[in-house]
Each structure stands twice: as structure tokens, then as C-alpha cells.
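Hello,

Here is the structure I promised to pass on to you. Please have a look at it first, and then read my notes below.

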Amino acid sequence: MAGTDKGDNDVDGKAAKPGDVSQQKDPAEGNPPAADPTSSQAASSSSMDIDSTADTSATASGSQAACSTKSCVSETASFRPRSPEHSPNIEDVDFKVIFSKSKYDITFPLDDTVAQLKDHLEIITGVPRTMQKLMIKGLAKDSFTLREAGVTKGSKIMLVGSKLDDILSVSTPSKEELELEKSSSNAKEPLSKQKIHKKVLDKGVPDDVMPGILNNKEALPPFPLSGMLNKYGGKVRLTFKLEQDEVWIGTKERTQKLSMNSIRGVVSEPIEGHEEYHILGIQLGPTEASRYWVYWVPVQYIDAIKDTIMGSSWII
């Protein structure tokens, strides 16, 4: 009996060995062959690959979501988006941009140009860059870097301009009106010789008018331009309220507040015999009859006045 037990155990032991071919039965007898260990390993490896791919996909999906969120933030944030090549050595400056009644905290490279800042502000404020005027110690030129324009930490920059919807909502003269005005202007004599203007100019240079300086261009001063005359010979002053995008025409009787968007054009000519002063016409309607005339405007401020009111559109 002991031998039988041992033999049974041997048989059982041999049957337990998966690699013992002698213990496998023919598939024709109804029993399948033992499983191939290499097949099991392959299946296990395949399963691991699938799990790994799923994990990788989940990670990529999460990363894309994070990137998408970051992108959305950077488009509306007050700092300039950085490219991967952005050097950490570039010096940024923090300042405020004031537009209408809103204030924007901006962080921007100090050696980027005013033109690049305008591109950034177009995204933030909705004001087209071609309609923007940035006042940084006077009207800032597009070619200047912020450093050259005098921007420092904590500076306040005034943005003057209009959103596209506001511009389109303002009615403009018809083509026929513009052509008629242009042809009539070409046929007329200089402003200072016209009767309507001579009656004011013949009174001479006002005693308290600001000095005119030939061959010089200056930014608008922080105080009103005063001592000038209107077509009635009365004293008039011009005050530029950039934060409100308005110009105020003040006389002894009243102050007329004009939105710069409502002004159709600005013209000027030197006064004959006193070229250091100009006659200035601020056009409030579609025809010349709607011009508000100002006399004895110092010549050094003429371009600054036109830039402030009309931007670059006045240049022909």
C-alpha cells in the first residue's frame, strides 16, 4: 500500500507540472491542451499596455485642459503672454492704464515699444490700436520703447480712443458733402485774408495770449490753452480732459464740453504776418458752417491738438 500511495503521489506530482507533455490528453478526446505560458505572459503584457495607454491618455487630457485654461487666462490677464523663448532677463515694469472710467494694472517689458503695448491694450480694452492715443508725459510715439517714453514702476498712462462700435455709431458726412467742401476749400483764399476772420485778427495779438514758438512742436501742457479769441472777439480757452475723452471750450459765458468722438475734423492755418500763431477750426458738423473758430493758437501746440482730437486721421 505504501508503494501505491507513492506512485499515486508521483502521478499527481507529474500531472501538476504544466510542461509535462505526457500528461496532456489529445484534444480529440474532448479535453483542451494545457495553456501555453508564453500566451499568458503576452496577454498580461497586453493588458498592462492598455492600462498604461489609458493612464497616458488621461494625463494628456488633463494637461490639455490645464493648457486650455491657462490660455484663456493669459488672453484676458493684464500681463503680456510670454513665448517659450522669453528670456527671464527681460525687465518688466508694472504700471496702470486709465481708459474712460476703468483702470488696468499692466505688467509689460520695459524695452518693448509703444506700438506693441497698443496691440496688447486692443485685446484688453477693445479699442483698435489705430485709434489709440497713449499719453505718457505727452503723446507717446509708437516707435518709442516704454523706457524711452519715460514709463517707470507705478506710472499712470492715459489711453484716449474709442471702441469700434462707438466709432461706427457716430454719423459721418456723405461723400458728396466731403467733395463739395474740398472743392470749395481749394477755391478760397487763405483764412487770415477772409473777411469773417479779418475782423477778429485786425484787433491784434491779445495781450494775455500764450507765446507762440516757430519751428517747435510741443505736447499739450497740463493746463488749459488760454488767452485766445473766438469769432466774436471774446476770450476763449481750450481744456483737454483726456480721462473723459473730451475737449472743453470755455468762454466768459459758458463752457461747452465736446466728446472727441463727435468732432468731425480739425483745420488750421498760420496767421499772415504772425506765423507763430494759427487760426484753428474745430468742425462740429458735416459742413464748414459748423466749425468753431479759435484765433491766436500757439503754433507749437497745433500738431498736439490735432493728434489728441483726431489721432493720425488728420494727416493727409
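What follows is a short tour of the strands and then of the salt bridges.

Please keep in mind that this is a predicted model.

Let me start with the sheet. Four strands make up an open sheet with mixed pairing, in the order β2-β1-β4-β3. At its edges are β2 (102–109) and β3 (133–135), each of which pairs on one side only. From one strand to the next, the twist averages 30 degrees. Strands β3 and β4 (residues 156–160) run antiparallel and are joined by three bridges; in this part of the sheet, Lys-133 stands opposite Val-160 in β4. Helix α3 (residues 114–125) packs on the sheet and touches β1 (92–99), β2, β3 and β4. The direction of α3 makes about 135 degrees with that of β2.

Strand β9 (residues 265–271) pairs with strand β10 (residues 274–283) in the antiparallel sense, over seven bridges. Within this pairing, Glu-269 has Ile-279 in β10 as its bridge partner.

Now to the charged side chains. The count comes to ten salt bridges, and these are the ones I would like to show you.

- Asp-111 and Arg-147 form a salt bridge in which the closest N and O atoms are 2.9 Å apart. This pair links distant parts of the chain, 36 residues apart: Asp-111 is in the loop between β2 and α3, and Arg-147 is in helix α4 (residues 146–149). Asp-111 is partly exposed at 47% relative accessibility, and Arg-147 is partly exposed at 40%.
- Lys-235 and Asp-208 meet in a salt bridge at 2.7 Å, N to O. Because Lys-235 lies in strand β6 (residues 235–241) and Asp-208 in the loop between α7 (195–201) and β5 (225–230), the pair ties together parts that are 27 residues apart in sequence. Lys-235 has a relative accessible area of 42% and Asp-208 one of 44%, so each counts as partly exposed.
- Asp-202 and Lys-198 also meet through their side chains, at 3.7 Å from N to O. Here Asp-202 counts as exposed, at 58% relative accessibility, whereas Lys-198 is partly exposed at 34%.
- Lys-118, Asp-119, Arg-129 and Asp-142 are linked in a network of salt bridges.

Happy browsing, and do write back with any questions.

Best wishes

Notes: Residues are numbered from 1 along each chain as its sequence is written. This is a predicted model: local features need pLDDT of at least 70, side-chain atom pairs count only at pLDDT 80 or more; totals for chains, interfaces and linings use all residues. Side-chain values use heavy atoms; hydrogens and water are left out. Two strands pair if DSSP finds at least two bridges between them. Helices (H or I, at least four residues) and strands (E, at least two) are DSSP runs, numbered from the N terminus. Axes are lines fitted to C-alpha atoms, for helices over the stretch in contact, and angles run from 0 to 180 degrees between N-to-C directions. Contact means heavy atoms within 4.5 Å. A salt bridge is a side-chain nitrogen of Lys or Arg within 4 Å of a carboxyl oxygen of Asp or Glu. Buried means under 20% relative accessible area, exposed over 50%, partly exposed in between (1.4 Å probe, protein chains only).
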